[in-house]
Amino acid sequence: MATCRSIFYYPSLLLRPLQHPVLSASTSCFPNYPSELSKSTKLPLLRRSPRPRCTSSMESPPEGYRKNVGICLINPSKKIFGASRLDIPDAWQMPQGGIDESEDPKVAAIRELKEETGVSSAEVLAETPSWLAYDFPPEVREKLKHQWGSDWKGQAQKWFLLKFTGNEEEINLLGDGKEKPEFGEWSWMSPEQIIDRAVDFKKPVYKGSFGSFCPLFPMNFMFKYQLNHLLDRLSGCSKDVGHLS
C-alpha cells in the first residue's frame with residue numbers, strides 16, 4: 001500500500017455543501033479567465049514536482065503539524081488575490097499564517113489577512129470542512145526549525161473563503177506594520193494561475209481548498225481536478241488514497 005504524506009483531506013468532503021453557504025451555482029461561477037494576469041506582470045511558471053500523496057484527517061489537525069490558516073480572497077469579479085513572496089523568487093501564494101494559542105481559526109484568518117495585505121474590508125463566506133496539510137521539504141523544515149524554535153513536519157491549514165468588499169487602495173503589502181512584509185507584488189488571478197505559480201509542495205493544498213469551494217469555480221477547472229483524481233486512483237493508489245498534479 002502506498003505511503004501517504006503531504007496533504008490530508010477526505011475527497012468526499014471536498015464536493016459536499018459547506019458549513020457556511022457560499023453562493024448559488026447559478027450566479028457564482030467564475031468567468032472564463034484570460035491567459036494573462038490582471039496586472040502587467042511577467043512571471044515564469046514553476047516546474048511541477050512528482051505528485052504528492054494524500055490521506056485524511058477530520059476533527060483535529062494531524063500530530064506534529066503547525067496549525068495554520070489560509071485565505072482565499074476573491075474580488076467582485078471572482079478572481080483570487082495572489083502575491084509574490086519576497087524570500088522565494090517567482091513564487092506566488094495566497095495569504096496564510098499561524099494560529100495563536102487558543103485563537104479561533106476564523107479570527108486568525110481575519111488577523112493574518114490584515115497583517116499581510118492591509119485588508120480589513122472582507123466578508124467571510126465559507127471555510128473548508130476539514131484540515132488540509134502539507135509537509136515541508138527537508139531544507140524548508142530545517143530553516144523554519146531555527147526560525148520558529150520548533151521542529152514541525154509541516155502545516156495543517158483551515159482555509160477560509162473571503163469576499164473583498166473594499167477599494168483596491170486598501171491593499172498594502174506592508175500590511176498593518178506589525179509584522180515584517182512577506183510580499184513584493186500582487187494581482188487578481190485565476191485558480192489555474194494561483195496553482196501554477198505556487199511552490200510545488202503547496203499545490204495539492206491549493207487544489208483541495210479550491211475543491212471545497214467548488215461552486216465558485218469554473219467547470220473546466222473542476223473537471224480537470226476530478227479527472228486527475230480519478231486517473232491517479234486508477235494508476236495504483238489504494239482506495240483511500242489519491243494524488244493530484
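Which residues of strand β8 (residues 132-135) are buried on one side and on the other? Leu 132 and Tyr 134 are buried on one side of β8, and Ala 133 and Asp 135 on the other. Both faces of this strand are therefore covered, given that buried means under 20% relative accessible area.

This is a predicted model. The chain has 245 residues, and 50% of them count as buried. Its secondary structure comes to 7 helices and 10 strands. Contacts between residues 24 or more positions apart make up 79% of those with a separation of 6 or more.

**Confidence**

Mean pLDDT over the chain is 75. A value of 70 or more is reached by 64% of the residues. One is residues 1-58, for which the model has 151 contacts beyond four places in sequence. The other is residues 236-245, with 32 such contacts. Where pLDDT is low, predicted coordinates should not be read in detail.

**Strands β8 and β9**

β8 pairs with β9 in the antiparallel sense, over 4 bridges.

**Aromatic contacts**

The structure holds 8 aromatic pairs. Two of them are set out here.

| Pair | Geometry | Centre to centre | Angle between planes |
|---|---|---|---|
| Tyr 134 and Phe 136 | edge-to-face | 5.9 Å | 75° |
| Trp 159 and Tyr 206 | edge-to-face | 5.5 Å | 85° |

Tyr 134 and Phe 136 are both buried. Trp 159 is buried too, with a relative accessible area of 0%. Tyr 206 is buried, and its relative accessible area is 0%.

What does the pair of Trp 159 and Tyr 206 tie together? Trp 159 lies in strand β9 (residues 154-164) and Tyr 206 in helix α6 (residues 203-212), so the pair ties together parts that are 47 residues apart in sequence.

Ring pairs also link Phe 81, Phe 164, Trp 186 and Trp 188 into a cluster. A charge meets a ring elsewhere: the charged end of Arg 66 sits over the ring of Trp 148, 4.1 Å from its centre.

**Helix α6**

How many of the residues of α6 are buried? The count is 10 of 10, and the helix is mostly covered. Among the buried residues of α6 are Lys 203, Lys 207, Ser 209 and Ser 212, along with Val 205, Tyr 206 and Phe 210.

**Nonpolar cores**

In soluble globular proteins, nonpolar side chains tend to be buried together. In this model, the largest nonpolar core has 22 residues. Leu 73, Phe 81, Ile 171, Trp 186 and Trp 188 have the most contacts inside this core. The elements that give it two or more residues are β3 (65-74), β4 (80-85), α3 (105-117), β9 and β10 (183-189).

Which residues does Ile 171 touch, not counting those up to four places away in sequence? They are Phe 81, Thr 117, Val 119, Phe 164, Trp 186 and Trp 188. Phe 81, Phe 164, Trp 186 and Trp 188 are the residues of the ring cluster.

A second core is separate and has 21 residues. Its members include Met 94, Met 189, Tyr 206 and Phe 213.

Note on methods
Residues numbered from 1 in each chain as written. Predicted model: local features only at pLDDT ≥ 70, side-chain atom pairs only at ≥ 80, totals over all residues. Heavy atoms only, no water. Phe/Tyr/Trp six-rings, centres within 6.5 Å; stacked < 30°, edge-to-face > 60°. Buried < 20%, exposed > 50% of the residue type's maximum accessible area, 1.4 Å probe, protein only. Lys NZ or Arg CZ within 6 Å of the ring centre and 35° of its normal. Pairing = 2+ DSSP bridges. Core = buried A, V, L, I, M, F, W, Y, C linked by side-chain atoms within 4.5 Å. Contact = heavy atoms within 4.5 Å. pLDDT = per-residue confidence, 0-100.
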